[in-house]
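Me: I have a fold to read. Could you take me through the pocket and the sheet, step by step?

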Amino acid sequence: MKNKNLTIALIYGSVALLCAAIVAVSMWLQSNITAKTAERLPAAVDTGKETKEQWFPITNDLTAVNQENQPVKLSDLRGKVWVVAEFFAVCPRCASRNGAELHEIYDEFKGDPDFHIACISVDPVADKSEKLADYAKALGADSKNWWFLNAGDVKATHQYLEHELKFMGIRERIDPLDVESNGRYAHDMAFTLVDRDFNVIGKWNLTEAKSEEGQKVDPDLYKKTRQELFERIRKELAKNKTAEK
């Protein structure tokens, strides 16, 4: 019996030592993983401070026609402060966004000759100048300070929006019911702000902030995001003009 009890005690003792060793190794591995991860991540210091990563220059131009079928270039806006957004005429989310958030921005700043809005169609095949004209008329958008643009080729337009202006990737919907309900393309709904020197200086997604998910994150997210965008536009408009275009 003593031998049996001794054997059981040895077994339990061995199991206990093995468990302790496993725990120790796990803790060691976790500490090393955490340390290595921390080395890769930037420190959360001065997170509100503007850094180079938060802005970038627009290095390539885009030629398009506006709602009056006039040829224009984004570089024509150099020296102005302007908001740029993606859209297409039959997008239900764009209609809501452009008729609310974007129109409020327009009403607030349209009296300043240095302010402009440019909405670039992600569906240039469908959004010909006649359709853009109807769209602009419905919103009361004057082509002198609010463009609805068709840049021609679909692939080139999408590449410019994604690679030059850094909007999120545009996805073509394939489900017929999805297309019928939401339109042909899923695209970035944010507003990007460009300064007088042709630099992208920020991006604000009021649609996301107003969404159910955004409200769960912060009930005041939309209000704060909108206020931040308006204040930044005012700040940029208050700056002196650059040299002649």
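Reply: Start with a term. A pocket is an open set of grid points with protein on both sides within 12 Å along at least five of seven lines, and lining residues have an atom within 4 Å of a point. Keep in mind that this is a predicted model.

Me: Which residues lie nearest the centre of the second largest pocket?

Reply: Arg93, Ala186, His187, Asp188 and Met189 do, out of 13 lining residues. The space in this pocket comes to about 230 Å³.

Me: How do the residues of that lining divide?

Reply: Five are nonpolar, four polar and four charged.

Me: Now the sheet. In what order do the six strands come?

Reply: The general idea is that strands of a sheet pair through backbone hydrogen bonds, either parallel or antiparallel. Here the order is S1-S10-S9-S4-S5-S6, in an open sheet with mixed pairing. Strand S1 (56-57) and strand S6 (146-149) each have a single partner strand, so one side of each lacks a neighbour in the sheet.

Me: How many bridges join S4 to S9?

Reply: Three, between residues 81-87 of S4 and residues 191-194 of S9, and the two strands run antiparallel. For one of the residues involved, Trp82, the bridge partner in S9 is Val194.

Me: Which strands does helix H4 touch?

Reply: Helix H4 (residues 154-164) packs on the sheet and touches S1, S4 and strand S5 (115-121). Its direction makes about 130° with that of S5. Helix H3 (residues 129-139) lies across S4 and S6, at about 150° to S6.

Me: And the chain overall?

Reply: It has eight helices and ten strands. Of its 245 residues, 40% count as buried.

Terms used
Residues are numbered from 1 along each chain as its sequence is written. This is a predicted model: local features need pLDDT of at least 70, side-chain atom pairs count only at pLDDT 80 or more; totals for chains, interfaces and linings use all residues. Side-chain values use heavy atoms; hydrogens and water are left out. On a 1 Å grid over the protein atoms alone, a cavity is a set of points where a 1.4 Å probe fits but cannot get out, and a pocket is an open set with protein on both sides within 12 Å along at least five of seven lines; lining residues have an atom within 4 Å of a point. Grid points are joined across faces, edges and corners, and a volume is the space filled by probe spheres set on the points. Ala, Val, Leu, Ile, Met, Phe, Trp, Tyr, Cys and Pro count as nonpolar, Asp, Glu, Lys and Arg as charged, and the others, Gly among them, as polar. Two strands pair if DSSP finds at least two bridges between them. Helices (H or I, at least four residues) and strands (E, at least two) are DSSP runs, numbered from the N terminus. Contact means heavy atoms within 4.5 Å. Axes are lines fitted to C-alpha atoms, for helices over the stretch in contact, and angles run from 0 to 180 degrees between N-to-C directions. Buried means under 20% relative accessible area, exposed over 50%, partly exposed in between (1.4 Å probe, protein chains only).
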